[in-house]
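User: Hi! I am new to reading protein structures. Could you walk me through one, feature by feature?

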Amino acid sequence: MRPPPQNPPGRGVDERDFDAFYTASVGRLVGQLYAMTGDLAESQDVVQEAFARAWERWAELDLNGAPEAWVRTVAWRLAVSRWRRARTALAFARRQGPPAAVPPPEPHHVLLVQALRRIPEAQRRAVVLHHLCDLPVEQVAAETGCPVGTVKAHLSRGRAALARLLADTELDLRTTRLPEVRHG
């Protein structure tokens with residue numbers, strides 16, 4: 001938990017004074033906010049954010065003579081603001097109701113994904129972009145940053161690897177005709 005190391009341009013802020021203030025009060029403020037919020041991680045976050053804001057206003061805060069009170073107040077307001085956002089998000093989620101039931105993936109989709117995971121990344125990416133995303137070879141080359149010839153090699157090797165991995169499964173094209181796969 002360190003404040004930014006440089007003075008803002010043209011502010012005349014004494015970095016050593018801020019460092020001394022920070023060092024003397026950060027532990028105390030985290031402890032106080034922890035007692036108020038009951039959440040150590042949250043108290044550390046809001047105190048750090050309050051110190052960052054204090055750094056931006058250090059010239060004015062130092063003149064007031066009560067920078068610790070200012071940091072504590074800002075940290076408390078940040079914590080309250082976060083609670084309100086979380087409460088609003090939770091209320092929204094409750095109004096939405098339970099998520100719709102999603103059917104499990106078809107067995108042939110599971111087999112295909114398992115096989116795709118076993119081929120090299122470059123081949124997998126080329127196969128997915130070309131065959132599942134229906135991109136032409138030239139667009140696959142542009143998206144992957146590879147020459148067209150390299151993409152064609154990745155596609156050829158990837159299809160051969162998938163054929164070996166899917167042999168003797170329900171996806172073996174030598175023995176099974178698959179239903180049309182919808183992309184979407």
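Analyst: Happy to; we will go through confidence, helix packing and aromatic pairs. This is a predicted model, in which local features need pLDDT of at least 70 and side-chain atom pairs count only at pLDDT 80 or more, while totals for chains, interfaces and linings use all residues. Residues are numbered from 1 along each chain as its sequence is written, and side-chain values use heavy atoms, with hydrogens and water left out.

User: What pLDDT does the protein chain average?

Analyst: pLDDT is the predictor's confidence in each residue, from 0 to 100. The protein chain averages 86, and 84% of the residues score at least 70.

User: At what angle do α1 and α2 pack?

Analyst: Axes are lines fitted to C-alpha atoms, for helices over the stretch in contact, and angles run from 0 to 180 degrees between N-to-C directions. Under 35 degrees counts as roughly parallel, over 145 as roughly antiparallel, 65 to 115 as roughly perpendicular, and the rest as oblique. Helix α1 (residues 15-37) and α2 pack at about 150 degrees, with their axes 9 Å apart, which means α1 is roughly antiparallel to α2. Among the residues making the contact are Phe-18, Phe-21 and Leu-29 of α1 and Val-47, Phe-51 and Trp-55 of α2. The contact residues divide into 14 nonpolar (Ala, Val, Leu, Ile, Met, Phe, Trp, Tyr, Cys and Pro), one charged (Asp, Glu, Lys and Arg) and five polar (the others, Gly among them).

User: How far apart are the axes of α2 and α4?

Analyst: The axes of α2 and helix α4 (residues 67-96) are 8 Å apart, at an angle of about 125 degrees, so α2 is oblique to α4. Their contact includes Val-46 and Phe-51 of α2 and Trp-70 and Leu-78 of α4. Here the residues divide into 11 nonpolar, no polar and five charged.

User: At roughly what angle do α6 and α8 cross?

Analyst: Helix α6 (residues 121-132) and helix α8 (residues 148-166) cross at roughly 95 degrees, their axes coming within 8 Å. They are therefore roughly perpendicular to each other. The contact has six nonpolar, five polar and two charged residues.

User: How many aromatic pairs does the count come to?

Analyst: A pair of aromatic rings is described by the distance of the centres and the angle of the planes. Rings of Phe, Tyr and Trp (its six-membered ring) pair if their centres lie within 6.5 Å; planes under 30 degrees apart count as stacked, over 60 as edge-to-face and the rest as tilted. By this rule there are eight aromatic pairs. Phe-18 and Trp-58 form an edge-to-face pair, 5.0 Å centre to centre with 85 degrees between the planes. Phe-18 lies in α1 and Trp-58 in α3, so the pair ties together parts that are 40 residues apart in sequence.

Note on methods: Helices (H or I, at least four residues) and strands (E, at least two) are DSSP runs, numbered from the N terminus. Contact means heavy atoms within 4.5 Å.
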